[in-house]
Amino acid sequence: MSFPIPWVGVRRVAIVPVFNRHIDPPWPTDWEYQVRSRMFYDPDPMTGIDRSFQNYIKSLSYGRASIEGEVFPPVVSDGPEVNVPAMKSIPAGHGYKHMVAVLPHSFGQHRGGHAFWDLSPLNGFTAWARVAMYDDRALTVRQPIGVWGMEILHIITEFLDLYNTNPSVGAYDVMAGAGASVHATAHTKSALGWLPQVGIYVHSGGTSNVDLHAISLPQPPPPPRASAVRIPSRLNAGHFMVEARLSLDQYEKRDGPGDGIPADGVIVYEVSNVYSLFLRSIPTLTVGQKYENTAEGFSVSVMQAGPGGFTISVRSTPSPECPRIKEQLAALRDALESETDPFVRRQIRAQISSLQAKARRLGCPA
């Protein structure tokens with residue numbers, strides 16, 4: 001399994017408008033300007049809100065990631081293959097590794113969002129993505145910027161899709177929502193280097209009352225708030241994440257096709273590995289509601305709502321294994337007291353450390 005490449009700082013991307021000679025009309029005289037606007041700065045004529053990919057990625061990353069690059073002259077393809085003609089059209093020595101082919105619309109076969117990476121170099125490119133300006137041939141329905149987000153994140157970070165699990169986190173993560181123009185989960189943002197670990201509270205047992213700071217707000221959160229809560233699994237090497245989602249910005253609000261989270265509230269999801277997330281809180285939790293996992297021995301209750309988040313209570317019950325672990329630790333400590341051989345003492349200390357870690361994972365009293 002490949003691991004994602006963090007995206008912190010500026011990444012350079014070549015942008016190439018591409019038209020299919022057989023199905024697309026001639027491009028408007030200002031087409032390069034339209035493509036450049038969608039990528040870098042695209043204010044809504046009515047509200048002035050920036051709808052560009054640049055604004056989207058800066059919002060998701062809290063300003064830690066951005067993009068720069070050139071919009072090259074449009075290319076005409078003789079068939080559905082657009083990426084190879086686009087890559088070959090750029091003069092040698094361009095210095096780019098990533099290329100985004102921008103179609104006029106996504107209607108029809110081989111025209112949807114797509115991405116490939118870790119390829120043999122073609123004219124210097126090792127990764128490419130395909131997106132569109134519109135979703136219809138009449139060029140009236142804008143393609144959700146979440147499609148651009150998913151495909152460009154693929155080629156720059158090599159982060160895989162998250163929609164191949166059931167139940168997936170869906171439209172709570174751009175990498176799972178099949179083009180949903182939303183933020184990513186705390187899990188994805190952490191993997192990409194956007195969410196500082198200092199903001200994630202690790203629940204180690206007992207009862208923890210935590211003020212969650214909505215993931216769409218600037219991070220890290222002000223003390224004593226937390227970006228998310230991480231709960232280690234007792235049954236496997238995975239863990240659970242708890243976070244607050246609120247429709248506080250243009251991406252989390254449900255105000256257009258492909259926009260917005262399913263509901264405001266607290267979500268709980270299980271992380272089996274970096275690309276396997278399972279939504280466990282169905283439906284999304286609101287004040288007075290609880291998620292309970294008896295097999296794992298914990299529950300999450302939403303106590304109250306506050307400005308920009310929720311107060312939750314995470315409660316773990318000690319595992320039935322705890323008394324036996326306590327006895328084993330006591331025996332090992334007694335053995336350590338009487339042992340004089342340095343090599344054996346190191347072995348005993350390692351055993352104690354391993355058991356202590358297991359006790360913490362199982363929520364055993366200290």
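The model is predicted. A search of the whole structure gives 11 salt bridges.

**A pair between two strands**

- Glu-68 and Arg-12 form a salt bridge in which the closest N and O atoms lie 3.6 Å apart.
- This pair joins distant parts of the chain, with Glu-68 in strand E2 (residues 65-68) and Arg-12 in strand E1 (residues 9-20). The two residues are 56 residues apart.
- Glu-68 has a relative accessibility of 37%, so Glu-68 counts as partly exposed.
- Arg-12 is also partly exposed, because its relative accessible area is 35%, a value between the limits of 20% and 50%.

**A buried pair: Glu-252 and Arg-245**

- The side chains of Glu-252 and Arg-245 meet in a salt bridge, with a distance of 2.9 Å from N to O.
- Glu-252 has a relative accessible area of 0% and is therefore buried.
- Arg-245 counts as buried because its relative accessibility is 0%.

- Arg-38 is buried, as its relative accessible area is 1%.
- Asp-42 has a relative accessible area of 10%. Buried means under 20%, so Asp-42 is buried.
- The pair belongs to a network of salt bridges that links Arg-38, Asp-42, Asp-44, Arg-51 and Arg-142.

**The loop residue Val-141**

- Val-141 sits in the loop between strand E6 (127-134) and helix H4 (145-157).
- With a relative accessible area of 41%, Val-141 is partly exposed.
- When its neighbours within four places in sequence are left aside, Val-141 is in contact with Tyr-134, Asp-135 and Asp-136.
- Val-141 and His-105 are 36 residues apart in sequence, and their C-alpha atoms are 9.0 Å apart in space.

Conventions:
Residues numbered from 1 in each chain as written. Predicted model: local features only at pLDDT ≥ 70, side-chain atom pairs only at ≥ 80, totals over all residues. Heavy atoms only, no water. Salt bridge = Lys/Arg side-chain N within 4 Å of Asp/Glu carboxyl O. Helix = DSSP H or I, 4+ residues; strand = E, 2+ residues; numbered from the N terminus. Buried < 20%, exposed > 50% of the residue type's maximum accessible area, 1.4 Å probe, protein only. Contact = heavy atoms within 4.5 Å.
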